[in-house]
Amino acid sequence: MGIREALTLQNRQVLIFFVVLELSHASTESVRYSMPEETEIGSFVVNLLKDLGLGVEELSFREARVVSEDNEKHLRLDLQTGDLLLNEKLDREELCGSAEPCILNFQVMLKQPLQFFRAELHVRDINDNSPTFLDKEIILRISESAPIGTTFLLESAQDVDIGRNSLQNYTISPNSHFHIKIGNSVDGKIYPELVLDRALDHEKESEHRLTLTALDGGSPPRSGTTLVLIKVLDINDNAPKFAQSLYEVQVPEDTPIGSWIITMSAKDLDAGNHGKISYTFFHASEDIRKTFDMNALSGEVHLKSALDFEAIQSYSITIQATDGGGLSEECTLGIKVLDVNDNPPEIKMSSVTDSIPENTPDTLVAVFSVRDQDAGDNGRTVCCIQEELPFILKPSFKNFYTLITDKALDREERDEYNITITVSDLGTPRLQTQHTITLQVSDMNDNAPEFTQSSYTLWVRENNSPALHIGTISATDRDSGSNAQLTYSLLPGPQPGPDAAAALVSINADSGQLFALRALDYEALQAFEVRVRAADRGSPPLSSQALVRVQVLDANDNSPFVLYPLQNASAPCTELLPRAAEPGYLVSKVVAVDRDSGQNAWLSFQLLKATEPGLFSVWPHNGEVRTARLLSERDAPKHRLLLLVKDNGEPPRSASVTLHVLLVDGFSQPYLPLPDAAAPERAQPDRLTAYLVIALAAVSSLFLLSLLLFVAFRLCRRSRARSLAGCALPDGPLPGHLLDVSGTGTLAHSYQYEVCLQGGAGTNEFKFLKPVFPNLSPQVSGNELEGMPSFRNSFGVNIE
């Protein structure tokens, strides 16, 4: 494994000084493939399935892709077949220049897990370039005194092809004075030399025009020509001399165009025209001629175009000094280009994920490479992201980095991250490049719905209409999308049936609105509870519950019900009132109940109509009917009272009850109930006499019957001294739930009186003496009352 060095700065910077190789991520050996240059786009290079050891399905699943160090897309990978294809025409001379071999390094990046497959593509040279001379005409000035065998250097031709396709030979057109000699330079290139075979004579022929031909070794060979003009000069015996054979100078790459570089200087001992020196570039390439310019007279070298250290780091230029007589001398000028920090780092994104699910730690977000074309510290880079983000950068293969999550992300906390990758170099001044990745956090169903309240209380008034909206239950879900779409439902209760909560209410599954399915009756059901479930639509779905208590509010829908006196009896209820009663004497008590509650059950009593309006009064709160004044002989013996029982509801409800009162002078006075309670209060004297006779007969019969019953009871139950019975009570026991046992505002459940016969009286009279026992306590229920021996539906009589 390679050496990993990490420099932790305040902003979690990661400084990579060396290539980091991880055996688990990248292969340690490169596989080389070969392809000739200028091959058509889409041409087949190789099938990578075998070398990668993968199948077509796995190749597509792992999102294989080709990445290169120069960020150029020379190749592409067909994921359907595994074929590596050319994405563009490759020009070896443009890609590599004169370098041999021409190698394009690339990697095949695989995900899940992250892995790099290193490979190389060897771009083979073809003979697609002909040799060319930079000068269309080469001028040589040769003294006529030049000895035979003297050699003269000629300008070389340029051929960007390499190997056998490069420049291989020179020829010159047939002539009688010169032939071509091939020389080899230190860099392995050949150059032509013109060799003098026969002495020149300026007077006979002052110029010679020859054609120089350069040939490469391709098949078929290519060639290029130039014209060589030879001017025969008079004798010149001193050649120019440079002070040194090698001159070196360093030039920063940001030197402005037109700047002076160096001045070349040579000396010639000759005088006159033979001592005048001109300077030229000799054997200079096209790059040199485009980059530098030389003053032929002064020897000054100036910068003609901008330098680029990343393209060319140094230049070696041959300077030729030629005097007027044609003699020349050469020296070498070495120009070293100094790097300046003029290239910001480059970020190449190889793989970017736009969205990742929450709750998944160590998830790959992006794979990218960093490159800085500068050298030294100017090319060393620092890579970092924002410190507060839950992501980390990890160096991977060479200059590749992976961006992964440092912990599980929570979409509910933050659903989007803007990750800025900052790459800066260590040059002066520092240059930096930034690239921002927008990452969406996709939702997972990790939050259950939450009700706004743990329990709800809803109120609905009884006698409601069916399908009445009684309230809304609301829940929220912090998730999003379908994971936050809620469905409401009622949970079944423990007791199914018509009174179960599910039969009383329903809920809208989407809105949570609760509706009453039928009319509710407060008297039957005052409150009920139901559990509501809210479930989301995630996978798997999550849910929560809330308790809903529905309170039924009472409405005044029940009229008062009169328990005493009963109005549905076959004979009206008649109360006896002694004429000697004092004012405030209790005549009777109206007992009524109301099934409603609260103020709807608060009852008040009112006397609506009476035979003698001023004779009786009704207490409004307890229904007791009492005398308002002393009775007189002029008062009618029979009275009919119409009473109203009214509740306190809104609107109020009421019931009426009729009470008959018979005035008696004593127990000897006969009494019979009126057969018709609705008969007129007015009575004729003769009819009253008849009634009294009948009453007397009835009392006598009753007396005899009571006497017989008394003897029978004495014989059967010696333990009982007296026989007691009730008077004027309704047949049968009263319903227990309708009895008023509070003891305030109602009569006792039965009134029993002692009845005695006065001995020696002229007439037999019944006298109402006193009750045998008081009102029953509130704790006595209707059922207990039925079991008491004193509870009877007939009069009990005692004989004194």
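Colleague: Are Phe-451 and Tyr-456 buried or exposed?
Modeller: This is a predicted model. Phe-451 and Tyr-456 form an edge-to-face aromatic pair, 6.4 Å centre to centre, with 75° between the planes. As for cover, Phe-451 and Tyr-456 are each buried.

Colleague: How many aromatic pairs are there?
Modeller: Ring centres must lie within 6.5 Å to count as a pair. By this rule the count is seven.

Colleague: What is the geometry of the pair Phe-292 and Tyr-315?
Modeller: The ring centres are 5.0 Å apart. The planes meet at 85°. Planes over 60 degrees apart count as edge-to-face. The pair is therefore edge-to-face.

Colleague: Where in the chain do Phe-292 and Tyr-315 sit, and how many residues apart are they?
Modeller: Phe-292 is in strand S21, residues 292–294. Tyr-315 is in strand S23, residues 314–323. The pair links distant parts of the chain, and the separation is 23 residues.

Colleague: Why does Tyr-315 count as buried?
Modeller: Buried means under 20% relative accessible area. Tyr-315 counts as buried because its relative accessibility is 8%.

Colleague: What share of the protein chain is buried?
Modeller: The chain has seven helices and 50 strands. It exposes about 41700 Å², with carbon and sulfur atoms supplying 52% of that. Of the 800 residues, the buried share is 42%.

Colleague: How many salt bridges does a search of the whole structure find?
Modeller: One of the links is a network joining Arg-92, Glu-93 and Asp-125. The search of the whole structure finds 18.

Colleague: Which residue forms a salt bridge with Lys-89?
Modeller: Lys-89 lies in the loop between strand S6 and helix H3. The partner is 49 residues apart from it, in the loop between strand S2 and strand S3. The closest N and O atoms are 3.4 Å apart, and the partner is Glu-40.

Colleague: How are Glu-286 and Lys-290 separated in helix H4?
Modeller: Their side chains meet in a salt bridge, 3.1 Å from N to O. Glu-286 is partly exposed at 43%. Lys-290 is partly exposed at 49%. They are four residues apart in helix H4, so the separation is about one helical turn.

Colleague: Which strands hold Glu-346 and Arg-371?
Modeller: The two form a salt bridge, with the closest N and O atoms 3.0 Å apart. They are 25 residues apart, in distant parts of the chain. In order, the strands are S25 and S27.

Colleague: Which residues is Ser-285 in contact with, leaving aside its neighbours within four places in sequence?
Modeller: Ser-285 lies in the loop between strand S20 and helix H4. Its C-alpha atom is separated by 7.5 Å from that of Gln-158, 127 residues apart along the chain. Contact means heavy atoms within 4.5 Å. Leaving those neighbours aside, the contacts are Leu-134 and Gln-158.

Colleague: Which backbone oxygen does the side chain of Ser-259 reach?
Modeller: Ser-259 lies in the loop between strand S17 and strand S18. Beyond four places in sequence, it is in contact with Val-301, His-302 and Leu-303. Its side chain reaches, at 2.7 Å, the backbone oxygen of Pro-256.

Colleague: What accessible area do Leu-702, Leu-705, Leu-709 and Phe-713 have together?
Modeller: The four form a nonpolar patch on the surface. Leu-709 lies in helix H6, residues 685–716. Leu-709 is partly exposed, at 43% relative accessible area. Together the four have about 330 Å².

Terms used: Residues are numbered from 1 along each chain as its sequence is written. This is a predicted model: local features need pLDDT of at least 70, side-chain atom pairs count only at pLDDT 80 or more; totals for chains, interfaces and linings use all residues. Side-chain values use heavy atoms; hydrogens and water are left out. Patches are made of residues with over 30% relative accessible area and no salt bridge: like charges are joined within 9 Å, nonpolar side chains (Val, Leu, Ile, Met, Phe, Trp, Tyr) within 5 Å. Accessible areas come from the Shrake-Rupley method with a 1.4 Å probe; for residues, only the protein chains shown count as cover. Helices (H or I, at least four residues) and strands (E, at least two) are DSSP runs, numbered from the N terminus. Buried means under 20% relative accessible area, exposed over 50%, partly exposed in between (1.4 Å probe, protein chains only). A polar contact is a pair of N or O atoms within 3.5 Å; within protein, one must be able to donate a hydrogen and the other to accept it, and residues adjacent in sequence count only if both atoms are side-chain atoms. Rings of Phe, Tyr and Trp (its six-membered ring) pair if their centres lie within 6.5 Å; planes under 30 degrees apart count as stacked, over 60 as edge-to-face and the rest as tilted.
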